[in-house]
Structure formats: C-alpha cells, structure tokens
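Open the model in a viewer and keep the sequence panel beside it.

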Amino acid sequence: MARYLLTVVRPLYKWLRHATTDLLFERRYGVHTADLVYLDELGLGDAERKRYQPTGWLSLVRILRLSEVGPDDVFIDFGCGMGRAVLQAAIRYPFRKVIGVEISEKLIGIARDNLARNTSRLRCKDVSLVCADALDYEIPDDVTVAYFANPFTGSIFNRVIKSLIESVDRAPRTVRVIYANPVEESMLLQTGRFRHVRTARGLRPTREWSRSNSIRMYLLEPENSTVRPVPSADQRLDSRPRS
Ligand SMILES: C[S@@+](CC[C@H](N)C(=O)[O-])C[C@H]1O[C@@H](n2cnc3c(N)ncnc32)[C@H](O)[C@@H]1O
C-alpha cells in the first residue's frame, strides 16, 4: 500500500497540484517560482544548506491569520529563494516591512523580477530582498515574524536561531517563528526559549509526507520578562497548545 502511494498516488498528486498552482498563482501573478534547484548546481553546495523548493502558495495563509498582523510587524523569510513566501507576505498582510534573505544571487534575481511584476498588488510596499548567507546577516531588531521553510539545518540553523534570540534579548519583543517542514524542531525547543502555539497539518496520506508538509508556529519571548508584550485583542494568538 505504502509503495502504491509513493509510486502512483504521489507523482499524480504532485502533477495535479503543480498544474493547479500554476494556473491559480504563477500565471495570475505572472511569476516564476515553481522550480526545484539544488545548490550544487549553483556552486553553493553544502550539506546543511537545503535546495530551493518553494513552499506551498497557501502555506502562510494556513498558519498566520490576517488579524494577527499589524502595521508594526516586520516579516523575514530566511532562504527566500525565488520569493514565494515574500510575495505571499507582502501581497496579503499589512506588514510594515517584508525582508527576504537568500544565499544565491541567481535565485534572488528571480525573486526581484517576481516582485517587480507585482508592485501594484503589494499591501506592504517596503520589501527588501537581500543576497546574503543567513550566517552573516544581522537580524534587524524590529523583526516580529520569522519564516523558515527548512532552508538550512545543523550548525547553520543553530547559529541563526541564536542570533534571533540575541536580537530579542537586545530589543525585547515577541517574535513568531513559523517553521515549515520543521526538521530541526528539537534544536529549537532545546533552547528553552520557544513555545509551540500552533500546527497547520499537511493533509497527506502518509505520516512522513504529512510531516514534511506541516507548518508550526512558536513564540519567542524576552527572557525573564515580567511584562510580556500582549497582542491587541484582534491580534491575540490562540495559545492553546496543540501537538
Ligand atoms: C526550501 S527553499 C525555501 C523557499 C522559500 N522560503 C519560499 O518561500 O518559497 C530553501 C532556500 O534556502 C536557501 N538557503 C540555503 N542555505 C542558505 C543560507 N545559509 N543563507 C541563505 N539562504 C540559504 C536556498 O538557496 C533555498 O532557496
């Protein structure tokens, strides 16, 4: 049965999904984000750096409610690739600023083209696409939503998460971390600083396939803060733990 799912259902499902998203999003926005690109092909190969594979067009919508984003919020996508999540964030939500950080010049060039074709659609007009290794990038102290679509693992993930914690300790605020395909979740939780608040499950037939399609949200709050920044009523997160 599992073999049948993998060899027949999965390719068919992927083809159908590709055709639908192409029609609904790629053509609609006039963008090109649907490739699979291995970093070896770009001369950037490293075991901890993950290939470019776009997140689903509805990924952000599934995990981040519109009412939870206000005009002071700043979104960052670590490993933004061709800019799909950046576009979702800037088109749909009233962020003050949207940032994409990407190690590949080629991919960020495509992201810039994609963005340029959609300037009139952007709800957030302040979008910045930075070509940098996330390890060298200094996280701005006003970031409040950090998006990771499994861009890197191991020591890179560890160091970027450490920088995010340092940023919150320097400039106390609550950061919502959104992690799609959260392969390094245990590393995140071991810091003792992240609280899982929500999961958007992948609706896929096998457990592993569902896991790789799941998205989780965590809160990172200032350490020892007696007064925690409280989201306004319409921004309040549902913090009931769900596994
Ligand atoms: C799974 S894709 C992410 C897709 C993207 N966030 C989206 O919304 O469609 C992972 C991306 O992370 C980038 N990446 C890998 N290691 C990186 C690093 N150290 N610094 C910045 N970007 C990196 C890859 O080039 C790739 O584009």
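A pocket is an open set of points, on a 1 Å grid over the protein atoms alone, where a 1.4 Å probe fits and protein lies on both sides within 12 Å along at least five of seven lines. A molecule sits in a pocket if more than half of its atoms lie within 2 Å of the pocket's grid points. Select the ligand: by that criterion it sits in the largest pocket.

This is a predicted model, in which local features need pLDDT of at least 70 and side-chain atom pairs count only at pLDDT 80 or more, while totals for chains, interfaces and linings use all residues. Residues are numbered from 1 along each chain as its sequence is written, and side-chain values use heavy atoms, with hydrogens and water left out.

The side chain of D77 places an N or O atom 2.9 Å from a ligand nitrogen. At A85, a polar backbone atom is 3.2 Å from a ligand oxygen. At A134, a backbone N or O atom lies 2.9 Å from a ligand nitrogen. The ligand taken alone exposes 610 Å², of which the protein buries 98%; these areas come from the Shrake-Rupley method with a 1.4 Å probe.

**Whole chain.** Colour by secondary structure, taking helices (H or I, at least four residues) and strands (E, at least two) as DSSP runs numbered from the N terminus. The protein chain has seven helices and seven strands, in the order α-α-β-α-β-α-β-β-α-β-α-β-α-β. Of its 243 residues, 49% are buried, meaning under 20% relative accessible area, with exposed over 50% and partly exposed in between (1.4 Å probe, protein chains only).

**Two loop residues.** Select S67, in the loop between α2 (59-63) and β1 (74-78). Its relative accessible area is 38%, so S67 is partly exposed. The C-alpha atom of S67 is 9.5 Å from that of P94, 27 residues away along the chain.

Move to G83, in the loop between β1 and α3 (84-92). Is G83 buried or exposed? G83 counts as buried because its relative accessibility is 3%. Its C-alpha atom is 7.6 Å from that of L115, which is 32 residues apart from G83 in sequence.

Technical notes
A polar contact is a pair of N or O atoms within 3.5 Å; within protein, one must be able to donate a hydrogen and the other to accept it, and residues adjacent in sequence count only if both atoms are side-chain atoms. On a 1 Å grid over the protein atoms alone, a cavity is a set of points where a 1.4 Å probe fits but cannot get out, and a pocket is an open set with protein on both sides within 12 Å along at least five of seven lines; lining residues have an atom within 4 Å of a point.
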